[in-house]
Amino acid sequence: MPKILISEKIDPVCPQLFQEAGFQVDIKPGLELDELMKIIGEYDGLVVRSATKVTADLLAKAANLKIVGRAGAGVDTIDVAAATAANVKVMNTPGQNANGVAELVFGLMFALVRHIVDGCSSLKEGRWEKNKLAGTELLGKTIGVIGYGAIGRRVGAMAQGIGMSVLAYDPYLNENQIRAAGARPAALDEIYSGSDFITLHLPKTPETTNMICAETFAKMKPGAYLINCARGGLVNEDDLAGALKDGKLAGAAMDVFSKEPLEANNPLLALDNFIGMPHVGASTAESQVNVAVAVAKQMIAYFQKGAMEGVVNA
Ligand SMILES: NC(=O)c1ccc[n+]([C@@H]2O[C@H](COP(=O)([O-])OP(=O)(O)OC[C@H]3O[C@@H](n4cnc5c(N)ncnc54)[C@H](O)[C@@H]3O)[C@@H](O)[C@H]2O)c1
């Protein structure tokens, strides 16, 4: 029977499903890379979230490894090319945490336009700053969604529910697919110039790294808001700080950063019109169960039937 290593904290339903299917499972969260390299050779399958870096060096030691299962969507912590070269499949579970991330996007948008973070802080410090905290509403505004996959679509559906117009850009979907998923297809420049809120839901790749920068801020509506709950590095943080400082953007919210944990000297931290969270988009009870169930079921089906659901390097 295949032997599975789970190298991170994960909902207990994941090892339970493997055990019920007769697999041997070891759970060893928090291993350093050198410790992981010593034991990886014993395993047929590896389950990771986002902390374990599956490097070419680690894969070189993984003599028996057939599959790496990512409990979540992003595979940027896995060297997929090295895995492919080593004949190791890489599998993710897109969509399982889409609602959790989408709800955080709206939490951040409401917090931005109603100054909820500042309002609560000043209230707790004994101030009653009604005038300073006057806000704006989302109803009737336009949201531009860049990347219209599982999370982008959930954001689009929720935005429609509260009366926003939805523009979407996704070069891997045709216009009919975008329309069928409730948005108006738009070119990137139209997203920049026509949106009151721009929200990112695309992967980080060499092409998308730094795509939101001074040049793109210049194309945005004065007073627009930016939300990044996708990946750090999509947004140039120095340029964002500049756009927030000079008032080009009214505000920005980020759950993900180019360096995580966030460094104390990050220029965004000093700005009143910036709010952030420490990469918790998928950190909901429901999303964690969903990804844990999905990765176990997909990996079991791969070992038992050769099923390829979620394999990104088929
Ligand atoms: N904050 C968090 O905790 C958290 C949690 C889950 C996912 N994420 C991130 O959210 C993002 C979206 O995840 P998802 O589950 O919706 O993935 P998904 O694969 O379902 O959707 C991504 C979409 O982006 C599109 N895309 C690819 N390249 C693009 C480009 N250059 N321009 C525009 N669109 C492009 C794809 O066609 C796809 O439709 C990923 O970056 C993922 O890593 C973050």
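User: Which elements do the buried residues of H7 pack against?

Analyst: They pack against helix H5 (98-114), strand S6 (142-146), strand S7 (165-169) and strand S9 (197-200). Contact means heavy atoms within 4.5 Å. Helices (H or I, at least four residues) and strands (E, at least two) are DSSP runs, numbered from the N terminus. This is a predicted model, in which local features need pLDDT of at least 70 and side-chain atom pairs count only at pLDDT 80 or more, while totals for chains, interfaces and linings use all residues. Residues are numbered from 1 along each chain as its sequence is written, and side-chain values use heavy atoms, with hydrogens and water left out.

User: What makes residues of H7 count as buried, and which are they?

Analyst: Buried means under 20% relative accessible area, with exposed over 50% and partly exposed in between (1.4 Å probe, protein chains only). In H7, Ile151, Gly152, Val155, Gly156, Met158 and Ala159 are buried, so each of these six falls under 20%.

User: What makes S4 and S5 a pair?

Analyst: Two strands pair if DSSP finds at least two bridges between them. Strand S4 (residues 67-70) and S5 have three bridges in the parallel sense, so they meet the definition. In S5, Met91 is the bridge partner of Gly69.

User: Why are S2 and S5 placed at the edges of the sheet?

Analyst: The open sheet has five strands in the order S2-S1-S3-S4-S5, with parallel pairing. Strand S2 (24-27) and strand S5 (89-91) each have a single partner strand, so one side of each is left without a neighbour in the sheet. From one strand to the next, the twist averages 20°.

User: What makes a set of residues a nonpolar core, and which members touch the most others in the largest one?

Analyst: Such a core is a set of buried Ala, Val, Leu, Ile, Met, Phe, Trp, Tyr and Cys residues joined through side-chain atoms within 4.5 Å. The largest holds 31 residues, of which Met109, Ile143, Phe197 and Ile227 touch the most other members. H5 gives the most to this core, with eleven residues.

Note on methods: Axes are lines fitted to C-alpha atoms, for helices over the stretch in contact, and angles run from 0 to 180 degrees between N-to-C directions.
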